Amino acid sequence: MRTLLNLIWLIFSGLWLAIGYAVAGLICCVLIITIPWGIACFRIAGYALWPFGYTVRDRHDAGVASALGNIIWLIVAGIWITLGHIAAGIGFCLTIIGIPFGIAHFKMVPVSLMPLGKEVVRTDAPYAYPHYRWQ
C-alpha cells in the first residue's frame with residue numbers, strides 16, 4: 001500500500017516538491033554560509049519525493065547552532081513553505097481520495113518549519129519513535 005501511495009504522491013505532489021526543495025538546496029549551497037540549509041533542503045527533498053513509510057524525528061545531538069539556524073530559517077523561508085504545505089494539505093483533504101496526501105503534507109509541516117536538527121527515518125525502524133518505549 002505504501003508503494004502505491006508513494007507512486008500516486010510522486011505524480012501529484014512529490015516530484016514538484018522534490019524539485020523545488022532541490023533547487024532551493026542548490027541555491028543555498030552556492031552561498032557558502034547557507035550550506036547547512038542546503039543540506040536540510042536536500043534531506044527534505046528526499047522525504048518529499050517518497051514520504052509514505054518514513055517519519056521525521058529530532059536528532060538529540062543537535063545543539064544551539066541548529067536552534068539559531070532554525071530561527072533564521074523560520075524568518076526567511078520556513079513560514080511561507082509551511083503555509084504552502086498547510087494550504088496543499090487542506091486542498092487535498094477536501095476529497096476523500098486525497099486525505100492520505102493531505103496528511104502527508106501535514107507531516108511535512110514540522111520539518112519545513114524547523115529543518116535543522118531533524119532526520120528522516122523509516123517508520124518500521126526500531127529507533128523511529130524514541131518517545132515510545134518498546135517492551
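At what angle do helix H1 (residues 2-30) and helix H4 (residues 99-107) pack, and how far apart are their axes? In this predicted model, the two helices pack at an angle of about 50 degrees, and their axes are 11 Å apart.

**Packing of H1 with H4**

- On the H1 side the contact is made by Leu5, Ile8, Trp9, Ser13 and Leu17, which meet Pro100, Phe101, Ala104 and His105 of H4.
- The residues of this contact divide into seven nonpolar and two polar, with no charged residue among them.

**Gly89 in helix H3**

- Gly89 has its place in helix H3, which comprises residues 64-93, and this glycine is buried, with a relative accessible area of 0%, a value that lies under the 20% cut-off for burial.
- Leaving aside residues up to four places away in sequence, Gly89 touches Gly102, His105 and Phe106; of these, His105 is also one of the H4 residues that meet H1.
- The C-alpha atom of Gly89 is separated by 31 Å from that of Asp61, a residue 28 places away along the chain.

**Gly46 in helix H2**

- Gly46 lies in helix H2, which comprises residues 35-49, and this residue is partly exposed, with a relative accessible area of 42%, because the value falls between the 20% and 50% cut-offs.
- Although Gly46 and Val120 are 74 residues apart along the chain, their C-alpha atoms are separated by 8.9 Å.

**Annotated spans from the UniProt record**

- The unreviewed UniProt entry carries the annotation "domain: Inner membrane component", which covers residues 4-53 and 68-118.
- Of these two spans, residues 4-53 are 84% helix and 0% strand, with end C-alpha atoms that lie 11 Å apart, whereas residues 68-118 are 78% helix and 2% strand, with end C-alpha atoms 14 Å apart.
- The annotation "transmembrane region", likewise from the unreviewed UniProt entry, covers residues 7-24, 30-50, 62-81 and 87-106.
- Among these regions, residues 7-24 are 100% helix and 0% strand, and their end C-alpha atoms lie 23 Å apart, while residues 30-50 are 76% helix and 0% strand, and their end C-alpha atoms lie 26 Å apart.

Key
Residues are numbered from 1 along each chain as its sequence is written. This is a predicted model: local features need pLDDT of at least 70, side-chain atom pairs count only at pLDDT 80 or more; totals for chains, interfaces and linings use all residues. Side-chain values use heavy atoms; hydrogens and water are left out. Helices (H or I, at least four residues) and strands (E, at least two) are DSSP runs, numbered from the N terminus. Buried means under 20% relative accessible area, exposed over 50%, partly exposed in between (1.4 Å probe, protein chains only). UniProt positions are given in the numbering used here, feature names are shortened, and annotations may be inferred rather than shown by experiment. Axes are lines fitted to C-alpha atoms, for helices over the stretch in contact, and angles run from 0 to 180 degrees between N-to-C directions. Contact means heavy atoms within 4.5 Å. Ala, Val, Leu, Ile, Met, Phe, Trp, Tyr, Cys and Pro count as nonpolar, Asp, Glu, Lys and Arg as charged, and the others, Gly among them, as polar.
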